[in-house]
Amino acid sequence: MLLEATNLNTYYGESHALQDMSLNVEDGEVVALLGRNGMGKSTTMKTIMGLLKPRSGKVIFDGRDITGQRPHKVARAGIGYVPEERRIFPNLSVLDNLMMGVKGGKVDTSNANIWTIEKIFERFPFMRDRTNQKGALLSGGEQQMLTIGRTLMGNPRLLMVDEPTEGLSPVMVKEVRDVLAAICKSGISILLVEHNLKVAMSLADRVYLMGKAHLGFTGTIAELDANPEARAKYLEV
Amino acid sequence: MKGKKWLLSIVVVVCCIALLGLSPAMGAKSKFDPSKMGDMSDLDLSNPVIPTGDTIKIAIVASFSGPAAAVGDIYFASVQSVAHDYNKRGGILVDGKKKLVQVIKANHESKVPIAKKVSERMVLQEKVDVLWGTNGSHLMKVINQVADKYKTIAVSAAAVSDELYDAQNFSRYSFMTSISTSQVGRGMAYYYGQVRKKETKFYILCQDYLFGHSIAGGFKAGLKEYYPDAELVGEDYHKLFLTDFAPYLTKVKAAGAEVVYTGDWIPDAANLLVQARQMGLDLPFANLFINNPPFLQQVGIEGTDGLVHIGQIGSDGKAFKTEGQIKYYKAWNDQYPKWKKPFDTTTYEHGTGTIGAYRMQTYWLLDVIERAGSTDPEKIIKVWENDTWEDVNGTVYKMRGIDHKTERDLFIELYVPPEQQKESMNIEPYYWFKDCSNTGPSYKLPADKVTPVMDPKLKDIRKGS
Amino acid sequence: MDPVTAMYVAQGMHGLAYGMILFLLASGLTLIFGMMGILNLAHATFFMLSAYLCYQVIAWTGSFWLALLIAPIVTGIIGVLLERFLLRKVHAFGHIGELILTVGVSLVILESVKVFWGTESLPVQIPNVLQGLVTAGGLDYPIYRLFIIGLSLVILIVLMLILYKTRLGMVVRAAVSDADMVDALGINVPLVFMLVFGVGTWMAGVAGVAIAPILTVFPGLADQVGMDAFIVVVVGGFGSLGGALLVAIICGLLNSYGVQFVSQLAPVLMYIFMAIVLVFKPMGLFGERE
């Protein structure tokens with residue numbers, strides 16, 4: 001088991017945002033975390049990442065307890081985080097944005113499987129021509145690519161991607177989907193929060209459906225297809 | 001028999017005349033008498049002995065924190081040394097009981113609302129007999145208002161703006177024992193126009209608040225009166241606690257001024273002088289407050305040479321002319337080496353100058369209370385109005401009854417290098433400070449040439465009294 | 001140069017000298033705010049503390065240069081300790097907690113300074129080599145003020161090189177816009193905070209030593225210059241180093257040319273400038289964050 005989160009309870013002040021939330025991700029697996037807005041999907045990711053501290057519960061990653069660790073420790077353990085708002089550094093150039101993702105400032109070039117600037121440029125050719133442009137000047141879709149590329153530069157074993165296609169044109173949505181599929185193929189596990197069911201279903205091996213602050217349903221794509229009740233309860237508006 | 005009766009009546013008449021003639025003369029003899037001083041060998045300002053209980057209470061309302069915190073310490077040292085003297089004498093007989101003098105620090109933090117609050121607390125809670133103040137005329141104004149409201153004696157020993165005692169602000173409970181801005185201005189103008197008759201181009205550089213404008217106004221009026229040929233080549237008012245004086249000093253230089261007249265007090269006075277010398281501006285500053293020894297020492301002998309200081313205490317020529325003066329001087333100076341922070345700096349070395357002025361004003365206050373035989377404000381007012389009193393140097397202070405300002409001689413002191421300071425400092429070690437210029441030649445400005453201004457409207461207001 | 005031109009040039013240099021001092025002080029304040037969201041109200045107190053340390057080092061060693069080296073470093077270390085052991089602890093209580101803590105720290109420093117050094121002004125001499133004036137083209141200008149301008153420029157250039165040419169600088173710039181995201185990328189942001197806090201207080205310390213011989217050292221030092229530095233940060237925009245530099249120099253020039261041309265208004269000119277800028281740009285000239 002790569003990631004194992006059990007019985008997480010997280011609060012925003014007095015509001016109980018996560019109630020006994022549990023999920024796990026196997027090595028090489030794509031897991032989609034789905035549900036309507038405000039159910040706690042992003043909160044789950046932030047809690048795993050260490051951006052929010054759970055009051056109780058446990059997060060085990062690769063056999064190590066990382067519950068409540070500072071984000072940089074979680075990142076160094078091997079979890080990459082692509083946040084919903086993208087959060088590129090607007091005042092930094094495209095190249096610097098990518099370099100920010102490198103852990104410890106150095107890329108291990110001896111390993112052929114590792115993500116390097118060259119590989120990122122191959123995957124996202126537009127970046128090569130715009131290395132010195134400020135991040136703020138990129139389009140929404142380009143920013144999404146940049147934030148994914150930035151996280152890849154840290155060579156995570158697990159990528160947590162929050163709403164990557166939100167607000168993107170259909171062409172860009174497909175582009176993002178293809179990128180995620182390629183990443184998965186390269187051996188990186190993905191935990192995906194995605195409102196576009198079609199995209200989610202095409203990528204995911206398994207799904208978790210969230211109701212208000214808690215886990216509602218879990219199963220493979222096939223199991224979800226066979227359970228219209230769960231779909232109606234947790235997904236349809 | 002008949003002849004003897006005639007002789008007797010002549011004797012009686014002569015005696016009566018002699019007595020009549022003598023008694024006013026004796027009345028004028030109120031003065032500071034060094035021979036009456038208590039044993040001061042245990043005066044330790046860093047460990048002051050402050051009595052409590054049924055005492056005569058003096059509150060020093062001043063800055064004891066913030067940029068002007070050092071000023072509060074100077075006031076405290078001055079007043080406490082006098083209180084110590086009286087306490088060693090056994091106190092003062094008031095209202096049928098000998099009472100010791102208690103000095104209380106009241107911090108106004110240089111803020112008007114706090115000055116009001118702390119003064120009221122002193123009057124209502126601590127039940128002080130006297131409010132003694134302060135650095136800043138705007139703050140003294142508040143203290144006087146409190147004094148007036150609660151019928152408590154206030155003494156303005158350090159706030160020097162004439163406006164505090166005009167028809168609008170006058171309170172019969174408050175007495176201005178200090179020099180006033182009009183006196184300073186007139187005195188300086190008198191010195192330059194009637195005594196020195198040399199420099200003609202003056203630049204006024206003062207702090208931008210009531211006092212700064214008041215002391216500048218005094219000088220302008222003085223020039224009109226005593227030095228019509230003088231030329232005012234510039235006039236600026238800078239904000240209080242200014243950081244960078246360079247822009248003003250560049251203007252002074254360009255204007256071709258020969259003398260800068262300033263009312264600035266520390267820290268502005270120090271920064272002004274230090275920065276002027278750093279910029280190569282060597283002209284004299286005619287000043288009231290550039291006399292704080294550590295600053296002078298910082299600037300050094302050369303930079304302080306030629307400063308012209310005006311003060312309310314001093315002497316014409318040699319500082320020590322009588323045994324009494326030396327005794328009084330040594331009562332302080334002998335104890336100075338054993339004092340600790342903050343009283344171990346050269347500010348406190350001599351107990352003369354500004355500190356001397358504060359001490360003398362406090363002696364006058366306590367002498368008035370002693371003669372009133374009471375701390376009842378009405379009795380104190382009765383004695384103090386039109387009172388004359390002589391300080392340790394023989395300078396006569398006269399409390400003008402109508403507006404409570406003090407008429408007295410003033411003194412101009414020219415700062416010279418140590419080897420020339422013996423002209424003033426005529427006892428061992430024959431200099432005031434060996435690492436800065438200080439008083440050498442000094443001149444008396446007669447009281448009638450430098451009377452403080454009086455608001456004519458006060459005459460109508462105070463007709464009844 | 002004729003005397004009038006010389007006067008104008010001198011005023012410009014006065015403005016530059018004071019502006020650079022303000023920048024040294026304001027840059028730390030604005031960087032710390034930009035990165036950590038902390039308005040460090042103790043910042044100017046560190047400036048004052050360093051001036052006192054400068055006095056003390058000179059009293060012990062007689063060397064201004066040693067003081068210029070040691071006093072800011074000690075000040076910076078105290079800044080680091082404050083961040084590591086106090087500020088980090090109250091972070092959980094939000095910005096109000098941090099604000100109150102910095103006020104408390106400034107009071108403690110202020111009172112300690114009085115206990116150690118008293119309330120009177122202490123003298124710091126300009127070192128011999130920097131005393132006197134340079135004369136060039138009819139203009140006399142104090143060497144020491146030129147030294148202040150030069151020293152500040154060197155620090156400014158080094159700071160810019162670090163910020164724009166090194167990975168550390170990149171991390172700092174990124175953290176100014178989004179510290180949490182930087183942390184989530186695997187960079188030890190608390191360590192960077194501590195470092196920035198240290199460098200910020202170190203620069204305040206350098207400003208304190210630089211100004212000591214001009215201003216005399218006394219407990220009110222913090223109030224005087226601190227207020228001006230605060231205006232620089234507000235007008236320049238919280239977190240903007242470029243804004244701080246530009247506004248510091250504008251304020252310095254407003255100060256000197258204000259005295260020259262509209263001396264009655266000089267005391268309030270900076271406040272008028274602040275008011276005008278904030279009416280049109282409430283976040284300051286280069287401010288982005290609220």
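Modeller: A charge counts as sitting over a ring if NZ of Lys or CZ of Arg is within 6 Å of the ring centre and within 35 degrees of the ring normal. With that in mind, and remembering that this is a predicted model, one can begin with Arg89(B), which lies over the face of Tyr86(B) at 4.3 Å from the ring centre. In chain C, the charged end of Arg84(C) is placed over the ring of Phe85(C), 5.2 Å from its centre.

Searching the whole structure gives 38 aromatic pairs over all chains. One of them joins Tyr190(B) and Tyr226(B) in an edge-to-face arrangement, with 4.9 Å from centre to centre and 80° between the planes. Because Tyr190(B) belongs to helix H5 (residues 181-196) of chain B and Tyr226(B) to helix H6 (residues 210-226) of chain B, this pair ties together parts that are 36 residues apart in sequence. Tyr190(B) and Tyr226(B) are both buried.

Tyr328(B) and Tyr363(B) have ring centres 6.4 Å apart and planes at 65°, so this pair is edge-to-face; the cut-off behind that reading is an angle over 60 degrees, for centres within 6.5 Å. Here Tyr328(B) lies in helix H10 (residues 323-333) of chain B and Tyr363(B) in helix H11 (residues 353-372) of chain B, so the pair ties together parts that are 35 residues apart in sequence. Both Tyr328(B) and Tyr363(B) are buried.

Chain B also holds an aromatic cluster, formed by Tyr191(B), Tyr192(B), Phe202(B), Phe219(B), Tyr227(B), Tyr261(B) and Tyr443(B).

Two further elements place a tyrosine among buried residues. Just after H7(B), Gly256(B) adopts a positive phi of about 70°.

In chain A, strand E9 (residues 206-211) has six of its six residues buried. Arg206(A), Tyr208(A) and Met210(A) are buried on one side, and Val207(A), Leu209(A) and Gly211(A) on the other. Strand E3 (residues 30-35) of chain A runs parallel to E9(A) and is joined to it by five bridges, with Tyr208(A) as the bridge partner of Leu33(A). Strand E10 (residues 214-220) of chain A pairs with E9(A) in the antiparallel sense over six bridges, and there Met210(A) stands opposite Leu215(A).

Methods:
Residues are numbered from 1 along each chain as its sequence is written. Chains are lettered from A and ligands numbered from 1 in the order in which they are written. This is a predicted model: local features need pLDDT of at least 70, side-chain atom pairs count only at pLDDT 80 or more; totals for chains, interfaces and linings use all residues. Side-chain values use heavy atoms; hydrogens and water are left out. Rings of Phe, Tyr and Trp (its six-membered ring) pair if their centres lie within 6.5 Å; planes under 30 degrees apart count as stacked, over 60 as edge-to-face and the rest as tilted. Helices (H or I, at least four residues) and strands (E, at least two) are DSSP runs, numbered from the N terminus. Buried means under 20% relative accessible area, exposed over 50%, partly exposed in between (1.4 Å probe, protein chains only). Two strands pair if DSSP finds at least two bridges between them.
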